[in-house]
Amino acid sequence: MSTMDTLMNNEDLVSPGLSACQGCPAELSLRTAFKVLGPKTVLGVPPGCIAGVGVPGWGLKTGMKTPVVMPLLGNSASLMAGVKQAYAKIDPEVHCVVFAGDGATVDSGLQTLSAAAERGENIIYFCYDNEGYMNTGFQKSGTTPHGAHMSTSPFGPYSRGNVGFKKDVPLMLATQDAAYVATLCPSHVQDFVNKVQRATEVKDGLCYLHIMSPCPTGWGVKPDQSIQYARAAVESLYFPLFEYDHGTFTISRPSLRAGKKPRPVSEFIAGQRRFRHLTEEEIQQLQDDVTRKWNLLNKLAS
Amino acid sequence: MLETRDALTGNECAAHAVRLCKVDRVVGYPITPQSSVVEYLAAMVANGEMSGEFISPESEYSVMSILKGAGMMGERVFTATSGQGLAFMYEPYFSMSTARIPMVMAIANREMISPVTVWSGLQDTHSVRDAGWIHLYAESNQEILDSIIQGYMIAEHPDVMIPVHVCYDGFYLSHQSAVVSMPDQEQVDAFLPAPNVRQMLDVNAPCMVDGNTPGDLMMEYREDHLWSMKQALSVIEQADAKFAEVFGRSYGGLLDTYRLEDADEVLVVIGALSGAAKDAVDDARSQGRKVGLIRVRCLRPFPSIQLGELLAGRKAVGVVDKSVNFGWSSGIVYQEVLGALGKARLNVPTLSAVGGLGGADIRKDHVARVIDLVHECAQHDKSLEDTVWLRPDMLQD
């Protein structure tokens, strides 16, 4: 089925009404992913934006047309591994899926995620990365970029913003031999759909899909600019799209194209409130980090 | 003869009980003094002695999380832990009982850090007595084995649906061998039917589990949980009685009593220290003193009415604890006993004794001292204000 057919014909398995912020691409990514995953899917959504907007429901009402459970912040990979182990005996075709934010994934959930990959648990783990704890008020997470002004890493006379550097969990999981790892971006839907499709075909281990998810509210940009920023993240190589499939790295086509003539990272950060205090040196530092990471990825994929 | 007899450690007994209960999934992580429970089970699965699956994740936090996932699918699941492991799994542990998933967990009890200790003490499970689980405490290796089998019957009872832990003193029971009767598989199958637990996550009947819940609904869930805790009191007694019919062994259901009938002065104890305590009671009886003993087998739900009935008309009560209640500066079971006395409107003098922390020994002579102090309470009709510490040096003077 073509990407268009998938998106046009398959049922939207997410509740028609959710309370996500205007322009939230995480909601869009969830809807898109479920058009590929289909109804024979069990979903786990830990605390975070997508849980907060009502996907696991409220009171006695559910936000999904598939079974859905809200794990704890840090245990999604383990909990859904338990569901999958039991489901494998009943119906091995059922997908057991996590849809978690970056805080629940790269911070408190990293131990359980890494262990699930090590054990070869056949779950599909999505991380929508909006680069902070956006549901609780824009606190810094392990994927917050260096220098970003966040509510727990504020810029001020004695601070230059976030002291940490964005943690690269896709590469981390690839180098510990997860079965399938990919980076996805809602600005590049065909690539997005292909990667989810590939994940549904993998039966011998953990699939980890890391989605760039610009947060209009937290990044301080307009709701109608979120896809624009998503595209800029890919085209500036700030967020390269790639796959790691059973030992082989492949840079995805949108990023191969972008790599021929990348936009400067300054175009990606322009207009974002969280970066507006950065000096030219600090922006250059970000650019150098992006170039270094891109070169590494090219070596891995060569 | 259906049963066979063998010398086994408490941890081996726990593993054999799990095998006999035909558990679908064991998830195990090593921690002293429990480790050999999950080692035995891993070996049983590897050798084909057990048909279930064994999973070995990276922490107790994941242990309880995987169990919750599989438990939501209706599987019969098990793990064992101790001390720090229980503390580390606290978050999914609490959500296991409140999601009403009926598993059994063995706890080889261990003192809590700081300072560092790996030895015995009941502080680990006593500190989580109000996290929604059922607490059974064993006195012997045989009781560990038998209580795990009873535990699945209790947990999976439709009026209960609450996970059970079967607790036993680390090292004293976990590592010491005793002769036990090993039930036959057919007997256990007849006693314990296959689980009839709902599969919560089903793609053919989609629903939500653990969604955001408003306060009014949360109150309903908690009220129902407390109602089920009350039902568990009689279900535990029924399970023990039915077990006695099939296997000929009983543990008193909620409260085990020893030479209590005409006793004026009563010791209340929990766990394996009851062995030394019963010997001390025997000594006192041989001197013509009317001393008896109650062993709390079930700490949650707390059998307050049953305990109040047993304590009515007594002249003094002494409670020996292997844990501390920091806020009350006494033992933990002691406060439970005070609650039962208050509920029954009994004005009986009491004392709290604490010993056995971090593997310290509670000897028969310690309990004899407590019996003397209980006698003083009875004579003066007055409770002892200060907690009695069962130290080695108290036996020297």
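A salt bridge here is a side-chain nitrogen of Lys or Arg within 4 Å of a carboxyl oxygen of Asp or Glu. By that rule, two salt bridges cross the interface of chain B and chain A.

Before you click around: this is a predicted model, where local features need pLDDT of at least 70, side-chain atom pairs count only at pLDDT 80 or more, and totals for chains, interfaces and linings use all residues. Residues are numbered from 1 along each chain as its sequence is written, chains are lettered from A in the order in which they are written, and side-chain values use heavy atoms, with hydrogens and water left out.

Select B:Glu58 and A:Arg119: their side chains form a salt bridge at 3.9 Å, N to O.

Now show both chains. Contact (heavy atoms within 4.5 Å) involves 37 residues from chain B and 37 residues from chain A. Together the chains bury about 2,800 Å², with 63% of it on carbon and sulfur atoms; buried area is the accessible area (1.4 Å probe) that two parts lose on being put together, summed over both. On the chain B side, pick B:Val203, B:Met208 and B:Asn212, which lose the most area to chain A, together 23% of what that side buries.

Last stop: B:Tyr221, in helix α9 (residues 215–247) of chain B; helices are DSSP runs (H or I, at least four residues), numbered from the N terminus.

Note on methods
Helix = DSSP H or I, 4+ residues; strand = E, 2+ residues; numbered from the N terminus.
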